[in-house]
Amino acid sequence: MTATVAELLVRHIESLPDMPAADFDGVEDLVESLREPVPERGDAFDDLVRRVGEAATRGFNTAGPGYLAYIPGGGLWSAAVADFLAAALNRFVGVWNAAPALVQMEWQAIRWLADAFGYPPTSSGIFTSGGSMSNFSGIVSARRALLGEDTAGGTLYVSEQAHVSVLKAAVLAGFPRANVRALTPDSRLRMDPDALREAVRADRDAGLRPFLVVASAGTTNTGAVDPIAPIADLAAEEGLWLHVDAAYGGFFRLTERGRAAFAGIERADSITLDPHKAMFLPYGTGCLLVREGRRLREAHDVHEAEYLQDLASDELTPNFTDLSPELSRDFRGLRVWLPLKLHGLAAFREALDEKLDLARVLYEGIRDAPGIVVPWEPELTVVAFRLEPDGASAAEAEEATRHLLERINASRRVFLSSTTIGGRMILRACVVSHRTHRDRIYEAVDIVRRAAGELASTC
Ligand SMILES: *Cc1c(COP(=O)(O)O)cnc(C)c1O
């Protein structure tokens, strides 16, 4: 069985660079062929594996080097092997006593990440299924710490460029949408601390209870980094919890450039990270770090399960269920532990440095192309641009930008996505896959330049 799977995966992964960056050819028939009743008796294994392999060739090729849409991740092979091990071993890691050494491996991996962010030994953390869940538990921790049980009038502050999962988390945590203040960012799309101060003071004067500011260490739209140190000063002055959503950008902290860009992040009360983005791990791996560790526990531990009474824990032997909404779950820590032990931190640092360089290559390669406008110099690895051919009206430029995206993606060598900023369509290329290297970025530059040239001359 495993030989069949290994053979399929080796072939699949070797062919990733040649597969289209997105492929929907014949997908309707493929989907139709999967609408079927459950078999009474089992089918042949090899045939089933072949069908899985075929199904995985359609849609966005998120694991391939040309996928630059949204936030890529890649998925390290070593992490997939860790998942196989974890599922086959199937030990229970929700509480310490059930598998002390395996829980320690997961806890150790959390400690490594906390150390990388300059957090003290009293900090805590949890591996979640992704950034959205991390933001949720971060907001719940802040709510519990600053508002207690009565959340009425609690208001929180984000920049307009914050990820939508923050709004979703706030709503799920019981706050009315109207209590989430979306601040207008500065010209580089970063949170404006003065606007934050004014909003907080106005709300306080109105009898509301400002308690939380969420800064972004790399926005999803453009990779803009909010000024964390000034925001941390203000949070301290105003008694606010500072949560940093570093789901996309966090791991750049391992590099010198990232460390400079995120100065002050160690002062945040909590940090969201997404190892399934810039740590190249498979989907389903998020992380929340909380500086004052007991705050995470106080928000998630309700002390009332008599059937878990044999499983008491302390700070050194955490029960992950006391730090999270979950009880039973996968041993996701192994997916972080094994790659870090196997490759070493330096391998990640070097790969992330390479991605920062690649974003520069792309930026410098396209910014003087005919009609291309790159409104913001990339701070991390998102290159955002649009097409504004000479003399084009706003509506024509919008249309040209839409066509540019279609042409770029029709190349099937790279796949980009778009967003809207200030009412204008913006294309974005995000470089964070461990499989994306210089050759593909040079190709991307050529594809963008050629498409822009053709469109600019026909406009
Ligand atoms: C991706 C992202 C999220 C959401 O994370 P998921 O892992 O997709 O749930 C939150 N914030 C930012 C900045 C992101 O880039």
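**Setting up.** I am working with a predicted model, where local features need pLDDT of at least 70, side-chain atom pairs count only at pLDDT 80 or more, and totals for chains, interfaces and linings use all residues. Residues are numbered from 1 along each chain as its sequence is written, and side-chain values use heavy atoms, with hydrogens and water left out.

**Entry 1, the ligand.** I began with the shell around the ligand and counted 14 residues, taking a residue as near if one of its heavy atoms lies within 4 Å. The closest are G131, S132, D245, D274 and K277. Sorted by class, I get two nonpolar, nine polar and three charged residues. For my own reference, Ala, Val, Leu, Ile, Met, Phe, Trp, Tyr, Cys and Pro count as nonpolar, Asp, Glu, Lys and Arg as charged, and the others, Gly among them, as polar. Helix α6 (residues 131-147) gives the largest share of this shell, three residues; helices here are DSSP runs of H or I with at least four residues, strands are E runs of at least two, and both are numbered from the N terminus.

Which side chains put a polar atom 2.9 Å from an oxygen atom of the ligand? I found T220 and K277. For S132, an N or O atom of the side chain is 2.6 Å from a ligand oxygen atom. I then looked at cover: the protein hides 86% of the 380 Å² of accessible area that the ligand has on its own (Shrake-Rupley method, 1.4 Å probe).

How many disulfides does the structure hold? I count zero, a disulfide being a pair of cysteine sulfur atoms within 2.5 Å. The sulfur of C287 has its closest cysteine sulfur in C430, 19 Å away, so a bond is out of reach. C287 is buried at 0% relative accessibility, and C430 is buried with a relative accessible area of 0%. Buried means under 20% relative accessible area, with over 50% called exposed and partly exposed in between (1.4 Å probe, protein chains only).

I found T285 in the loop between β8 (270-273) and β9 (286-290). Is T285 buried or exposed? It is buried, at 0% relative accessibility. Its side chain makes a polar contact of 2.9 Å with the side chain of R335; such a contact is a pair of N or O atoms within 3.5 Å, and within protein one must be able to donate a hydrogen and the other to accept it, while residues adjacent in sequence count only if both atoms are side-chain atoms. Leaving out residues up to four places away in sequence, T285 touches T128, S129, G130, D274, P275, H276, R335 and V336 (heavy atoms within 4.5 Å). I noted that D274 is also among the closest residues to the ligand.
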